[in-house]
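Please keep the sequence and the structure in view while reading.

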Amino acid sequence: MMTMTMRKSLSPKDILENSRLAIQRQACAAFGQKGLMSFYERMFQQYNIGVAQVLVTKSNFYNANSRKNLQATLDELLNLNIIPILNTNDAVAPFTDTDAELTAAKDGIVVNDNDSLAARLGVLISADLLLIMSDVNGVYTGPPGLEGSRLLHTFCPKQDSQKIAFGAGSKVGTGGMESKIKCASWALDHNVGVVISNGQIDKGILNIMDGKQIGTFFTKVPNQSMPVDVQAVKARDGSRQLQKLSSDERKSIIDKMASNLIDYSNDILQANKLDLDQATKNGLKPSLIARLGLSEKKLQTLSNGLQQIAEKADVLRQVVRRTRLADGLTLKQITTPIGVLLVIFESRPDSLPQIAALSICSGNGLLLKGGSEAKYSNEILTKLMQDALEPYAPRETISLINTREQVSNLLQLGKYIDLVIPRGSNDLVQSVQKQSLQIPVLGHAEGICHVYVDRDADLDMALRIIRDSKCDYPSACNAMETLLIHKDLVRTPFFESLIDLLRLEKVKVYSGPRLSIMIPFPPPPATSLGVEYGDLQCAIEVVDDVKDAIDHVNKFSSNHTDSIVTENQNTAKDFLNNVDSACVFHNVSTRFSDGYRFGLGAEVGISTGRIHARGPVGIEGLLTTKWIVEGHGDVVADFTEGRKQFVHETLNLTNNHEKLHARQKVA
């Protein structure tokens with residue numbers, strides 16, 4: 001882009017080394033114009049676009065005729081496909097605003113640097129957006145390198161001006177962040193949108209125009225909610241406070257959460273009714289409305305589940321491994337919280353108290369984003385959970401995120417969020433996985449669950465399991481979506497009973513390719529054998545044997561939950577060992593794949609991944625570990641030079657609880 005001669009002319013060594021502090025701004029401006037225009041010319045030549053330099057002074061903007069001439073010049077240059085490069089004539093312009101200039105400006109801004117020039121120009125041409133580029137990422141609450149200074153993604157001048165502390169001004173440039181904010185605010189007052197961002201970000205301009213959160217967006221609308229990065233910081237502070245509490249204190253918080261669900265059940269159900277009425281009015285799918293609804297029975301079940309979780313509040317700081325490294329040198333591994341969780345869930349407000357209780361029990365801060373269809377339910381449930389935190393921990397340990405935009409912003413904050421758990425549709429999970437480039441995502445994209453009825457099955461049992469797996473809660477992620485039947489069972493009394501059962505339960509059936517050719521009038525063909533219907537629909541396909549069933553499941557399953565019905569133990573063992581899913585059952589409904597039914601108290605979600613946690617994720621899935629080494633002045637040199645020897649002796653855990661926790665971890 002720049003020749004060696006040009007680089008030398010821009011920064012001669014004798015000037016930079018011998019008189020750096022004495023460089024006069026006007027001299028720099030005059031000397032730099034040649035190099036600056038050469039740079040722009042070379043850059044735009046790559047696209048066959050010409051450039052023209054337009055130097056202006058303050059009077060060009062204060063005089064009506066000069067403004068008109070400037071506007072005409074800019075319009076003509078653009079018509080000729082020539083990019084105008086505007087700059088103030090800093091070589092002669094003074095750097096203090098005289099009374100005469102302020103009077104001429106009339107509206108409080110004087111053109112004496114590129115920031116004020118940009119603001120004036122943006123207003124002159126009625127720009128939709130003014131981008132002010134800097135060498136930092138936007139407007140910070142203090143100097144960007146200062147500890148505790150944070151980037152403001154939005155800035156309302158009337159509301160946020162008092163939040164800003166400026167650092168020392170530049171010794172060479174005429175602008176600085178204080179000037180940029182002043183000029184951006186002025187342009188905003190004159191109905192020009194403004195973003196201040198880092199000019200060194202790759203594709204920064206394109207991404208800003210695409211609506212991505214880059215830099216600081218200036219707005220006239222005061223921010224009524226806490227910025228998401230502040231919410232995340234407060235959640236981490238809350239997590240650290242939870243870790244300081246005793247297990248009894250954390251248990252008290254969760255017990256209070258459980259009792260709040262009962263004590264305020266009328267308020268919760270009233271809020272839920274508002275959501276249900278709005279969902280019906282908006283034409284929400286019946287399966288989603290079913291997930292949305294709460295009842296006295298559901299609240300009682302939730303309360304009971306939270307009480308189960310409270311009994312496990314001693315999971316922190318438990319020793320899972322102890323090793324004597326050498327004489328007087330001991331290593332132990334203990335459980336600790338992951339940190340801050342971002343949990344995104346759709347439709348089901350009943351999952352909010354479960355997630356909150358699991359997070360508090362495991363010492364994690366929590367940011368929650370529920371579906372907009374459950375707005376009122378989520379708001380009152382979050383308040384009740386926050387009420388239970390006091391007086392042990394800050395209310396902000398748990399926070400509710402209101403908009404999708406806030407979620408997108410949080411997914412870029414790897415510094416603040418430690419784990420993202422999306423609970424919902426395939427589209428939701430895939431969207432989160434795509435956006436979360438720095439933060440691990442735990443979850444499952446789909447719940448394509450199978451039931452395989454073997455030829456050696458107890459057929460009455462099979463019908464009960466099929467009915468429960470499909471009809472108990474069709475919209476659940478652990479509901480059966482595909483039924484596999486051994487070929488010997490087709491066109492038998494069992495098959496007729498099966499079809500009658502599904503017809504009675506109003507289940508719409510689709511046939512797989514093999515079933516379609518084995519019976520005279522088959523159900524309509526399934527568009528795919530890898531579909532999560534999420535309601536009273538399912539596919540039926542025929543397989544030759546258990547090996548064929550295993551191959552089918554491993555090909556079409558989402559690795560969530562799959563079950564076999566058979567009385568043949570060898571067949572069952574083959575299925576259990578070789579189906580590659582998080583949960584594999586024998587003679588059990590797929591609906592048992594649930595944290596509450598597993599005795600975990602509740603779950604934050606079900607993971608079909610291979611790392612960290614798999615299946616229903618309860619308290620243990622929200623923990624990590626840290627290593628503690630205790631010694632007596634030990635140094636590595638003692639071992640490398642032979643004065644001490646490693647023994648690496650595994651020690652017994654100190655009590656039965658630690659042994660139990662270790663067995664659970666291994667299992």
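The structure is a predicted model.

**Aromatic pair of phenylalanine 39 and tyrosine 40**
- The ring centres of phenylalanine 39 and tyrosine 40 lie 5.8 Å apart.
- Their planes stand at 70 degrees, so the pair is edge-to-face, given that angles over 60 degrees fall in that class.
- Phenylalanine 39 is partly exposed, at 26% relative accessible area, and tyrosine 40 is likewise partly exposed, at 25%.

**Aromatic pair of tyrosine 510 and tyrosine 533**
- Tyrosine 510 and tyrosine 533 are stacked, with 5.5 Å from centre to centre and 10 degrees between the planes.
- This pair links distant parts of the chain, as its residues are 23 residues apart.
- Tyrosine 510 belongs to strand β17 (residues 508-511), whereas tyrosine 533 sits in the loop between α22 (513-518) and β18 (537-543).
- Tyrosine 510 is buried, at 14% relative accessibility, and tyrosine 533 is buried as well, at 15%.

**Packing of helices α16 and α17**
- The axes of α16 (residues 351-361) and α17 (residues 375-389) come within 10 Å and cross at roughly 25 degrees.
- This angle makes α16 roughly parallel to α17, and the crossing is right-handed.

Note on methods: Residues numbered from 1 in each chain as written. Predicted model: local features only at pLDDT ≥ 70, side-chain atom pairs only at ≥ 80, totals over all residues. Heavy atoms only, no water. Phe/Tyr/Trp six-rings, centres within 6.5 Å; stacked < 30°, edge-to-face > 60°. Buried < 20%, exposed > 50% of the residue type's maximum accessible area, 1.4 Å probe, protein only. Helix = DSSP H or I, 4+ residues; strand = E, 2+ residues; numbered from the N terminus. Axes fitted to C-alpha atoms, helices over the stretch in contact; angles between N-to-C directions. Parallel < 35°, antiparallel > 145°, perpendicular 65-115°, else oblique. Left-handed = near helix turned anticlockwise from the far one by under 90°.
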